[in-house]
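Keep the viewer open as you read.

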Amino acid sequence: MADPWQECMDLCVEVTRRAGEMIREALQKDIDVMQKSSPVDLVTETDQKVEQLIISSIKEKYPTHSFIGEESVSAGAPSILTDSPTWIIDPIDGTTNFVHNFPFVSVSIGFTVKKEIQFGIVYSCIEDKMYTARKGKGAFCNGIPIKVSGQEDINQSLLLTEVGFKSDPEQFKIMLANIKTILTIPVHGIRSPGSAAINMCLVACGSADAYYHMGIHCWDMAGGAAVVTEAGGVIMDISGGPFDLMSRRLIVASSRAIAERLVKEIIEFDVGRDDAD
Ligand code: LIP
């Protein structure tokens, strides 16, 4: 039987590439930066324009589909995942990087049906790396198959997480304490590239062995979750339970052994849910 969602995925790749071109062009001009929830939560006109381009191009072909887009949610649209075919969009994942011309900037789109991710696309547009993954069919970077490192020994691992002061000093303390705990296991190192979607792709292609984060959103996770899963990675909640797209937290790893060790070491804090009222 023909793959019912392949046409959607093909369109997604095409639209994502156009979005990436728009971002690269915007980088040649002055960038007007605005604040969202805090002085470190940034948005630009390009985030908004890219999201409009993506949603209008997809709606033209699939008018009955649903959308959860970072900038639409910021403007008041609901962020509720239903059984309907749903496009989960981060027009620029790594907006702070974009503002500073730091070269990890991506367009990330995940597509769900009955709340299950069917495919994910992450376009690291400055590097010109197009990561694609269709459920059950593997993960690719620019058409070449990718897979996780398979590393099982945490002492030999390179880990990724993101650091940043959002507003809650208690959470900030726990975040730093977690980094200290992990560095003293010891591991080879911790890096912070600044784009959740690219972080997951770095684990997917074996450049890093795990990534953990509390406080991101479904649009940061949906595209990369498909890529890392199809590359043979393990994905779970920070508590060790099943991964939940609306939970705002995750661990991805090259092996169950590393993911489970991180579960043991990391102290959780409450970040709420994307679908909370
Ligand atoms: C960003 C992430 C980044 C994380 C920030 C933020 P945005 O996404 O990808 O890694 O640290 O909390 O969520 O806002 O650039 O789409």
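Is Asp93 buried or exposed? Asp93 counts as buried, because 31 C-beta neighbours sit inside 10 Å. The cut-offs are these: a residue is buried if 20 or more other C-beta atoms lie within 10 Å of its own, exposed if 12 or fewer, and partly exposed in between, with C-beta atoms placed from the backbone.

Two notes on the ground rules. This is a predicted model, in which local features need pLDDT of at least 70, side-chain atom pairs count only at pLDDT 80 or more, and totals for chains, interfaces and linings use all residues. Residues are numbered from 1 along each chain as its sequence is written.

Asp93 is part of strand β4. Helices (H or I, at least four residues) and strands (E, at least two) are DSSP runs, numbered from the N terminus. Asp93 is in contact with Ser106, Ser108, Ser195, Ala196, Ala197 and Asp220, leaving aside neighbours within four places in sequence. Contact means that the C-beta atoms of two residues, placed from the backbone, lie within 7 Å.

Asp90 belongs to strand β4 as well. Asp90 is buried, with 33 other C-beta atoms within 10 Å. Residues up to four places away in sequence aside, Asp90 touches Glu70, Ser108, Ala197, Trp219 and Asp220.

What does the record say here? UniProt, in an unreviewed entry, places the feature "binding site" at Asp90, Asp93 and Asp220. UniProt positions are given in the numbering used here, feature names are shortened, and annotations may be inferred rather than shown by experiment.

Glu70 lies in helix α3, residues 70-74. Glu70 is buried, with 25 other C-beta atoms within 10 Å. Glu70 touches Glu51, Ile89, Asp90, Pro91, His217 and Trp219, not counting residues up to four places away in sequence. Ile92 is found in strand β4, and is buried with 30 other C-beta atoms within 10 Å. Beyond four places in sequence, the contacts of Ile92 include Ile23, Val50, Phe98 and Val107.

Now the ligand. How many residues surround the ligand? The shell has 13 residues, and the closest are Asp93, Thr95, Glu162, Ala196 and Asp220. A residue is near a molecule if its C-beta atom, placed from the backbone, lies within 6 Å of it. β4 gives the most to this shell, with three residues. By class, the shell has three nonpolar, five polar and five charged residues. Ala, Val, Leu, Ile, Met, Phe, Trp, Tyr, Cys and Pro count as nonpolar, Asp, Glu, Lys and Arg as charged, and the others, Gly among them, as polar. Domain 1 (6-145) and domain 2 (154-265) each supply at least three residues of the shell.

Those domain bounds come from an automatic or database domain assignment. The C-alpha centres of domain 1 and domain 2 lie 20 Å apart. Across the boundary, 33 residues of domain 1 are in contact with 27 residues of domain 2. Several elements give two or more residues to the domain 1 side, among them β3 (66-69), β4 (86-93), α4 (95-100) and β5 (106-113). β6 gives the most, with six residues. That side has 17 nonpolar, twelve polar and four charged residues.

The largest nonpolar core has 75 residues. Such a core is a set of buried Ala, Val, Leu, Ile, Met, Phe, Trp, Tyr and Cys residues joined through C-beta atoms within 7 Å. Met200, Val203, Ala204, Ala210, Val227 and Val252 have the most contacts inside the core. Domain 1 and domain 2 both give residues to this core, so it lies between them.

Finally, some backbone details. The peptide bond from Ile185 to Pro186 is cis, with omega near 0°. Pro186 sits in the loop between α5 (169-183) and β11 (189-191). Asn101 is not a glycine, yet has a positive phi of about 60°. Asn101 lies in the loop between α4 and β5, and is exposed, with 10 other C-beta atoms within 10 Å. Asp128, also not a glycine, has a positive phi of about 55°. Asp128 is in the loop between β6 and β7, and counts as exposed, with 11 C-beta neighbours inside 10 Å.
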